[in-house]
Amino acid sequence: MGNQKNKGQKAKQTMPPKRKNAQSSNAKASAPEEEAYNRLIIVGSSRINGRSAALAQQLFDTCLEEYPDDAVTIASVASLDIDPCIGCSACRNGDCVIDDDMASVLDLIASADEVIVVSPVYFAGPPAQFKALLDRLQPFFFTDARHQETRPLTLHIIGEGHDPFGYDPLVTCVSSAFYCAGFVLDQILDWVGKIDASGEIIDDPDIFVLSDEGVDDYDDDEVADPEEFIDEDFDGLHDVDEELKEF
């Protein structure tokens with residue numbers, strides 16, 4: 001899940017239950033209080049106990065186990081009050097005028113060293129509640145976040161597997177919105193049809209590595225040729241047009 005720094009354990013999540021070695025907030029996202037390598041897991045599903053929530057919890061537990069000195073936080077749209085963007089452009093000054101939980105989410109994203117998105121695919125794109133969160137990343141567009149050193153973004157895609165139009169729009173929306181905040185998509189894990197209704201994983205995901213950095217995360221004994229995981233449909237997706245950085 002990217003590089004790590006050992007600077008003191010801190011873990012938060014935004015949905016129950018309370019767990020050992022983790023602190024829980026009451027449906028509110030809050031930034032870690034102490035400096036640490038911060039992983040932020042964003043859940044784009046409106047269902048509290050669906051497939052996405054189950055996978056996000058497993059990822060959360062894995063982070064605690066594998067990186068005990070790092071911070072990990074879950075922010076789920078199912079537990080947050082996030083209104084749609086109204087297009088007023090007041091965030092040119094850096095702050096959104098809408099008074100809801102998005103202010104806390106923006107703080108979490110700003111302080112994150114790595115973002116992990118878990119989202120279902122609705123009609124090839126993001127659910128409405130998650131799209132509202134993506135649109136509300138607009139304040140980052142008016143900062144210099146995208147001009148700084150980029151941070152890694154991983155996308156886990158969840159679905160039953162009945163959409164013949166795939167999920168390219170979901171990938172594009174997530175990539176575009178988080179690029180404004182300084183994140184570049186490194187990997188896509190396709191769980192479509194591989195997690196049952198109870199949240200149990202029934203098969204391994206298809207993995208698309210979108211950068212050389214992501215390839216380094218794979219064990220050579222397990223993957224003979226990591227390059228084969230770079231699907232040509234996504235080839236170049238992480239290569240952002242340099243002209244965009246001039247805006």
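Does A145 count as buried or exposed? I looked this up before anything else. A145 counts as buried, because its relative accessibility is 14% (buried means under 20% relative accessible area, exposed over 50%, partly exposed in between, with a 1.4 Å probe and protein chains only).

I noted what I was working with. The model is predicted, so local features need pLDDT of at least 70 and side-chain atom pairs count only at pLDDT 80 or more, while totals for chains, interfaces and linings use all residues. Residues are numbered from 1 along each chain as its sequence is written, and side-chain values use heavy atoms, with hydrogens and water left out.

Entry: surroundings of A145. I found A145 in the loop between α4 (138–141) and β6 (helices are DSSP runs of H or I with at least four residues, strands runs of E with at least two, numbered from the N terminus). A145 touches F140, C180, A181 and G182, leaving out residues up to four places away in sequence (contact means heavy atoms within 4.5 Å).

Entry: the whole chain. I counted six helices and eight strands. Their order from the N terminus is β-β-β-α-β-α-β-α-α-β-α-β-β-α. Of the 247 residues, 48% are buried.

Entry: helix α2. In α2 (residues 102–111), I marked M102, V105, L106, L108 and I109 as buried. Seen down the axis, these buried residues fall within an arc of 160 degrees, so they line one face of the helix (the arc is that of the directions from the helix axis to the C-beta atoms).
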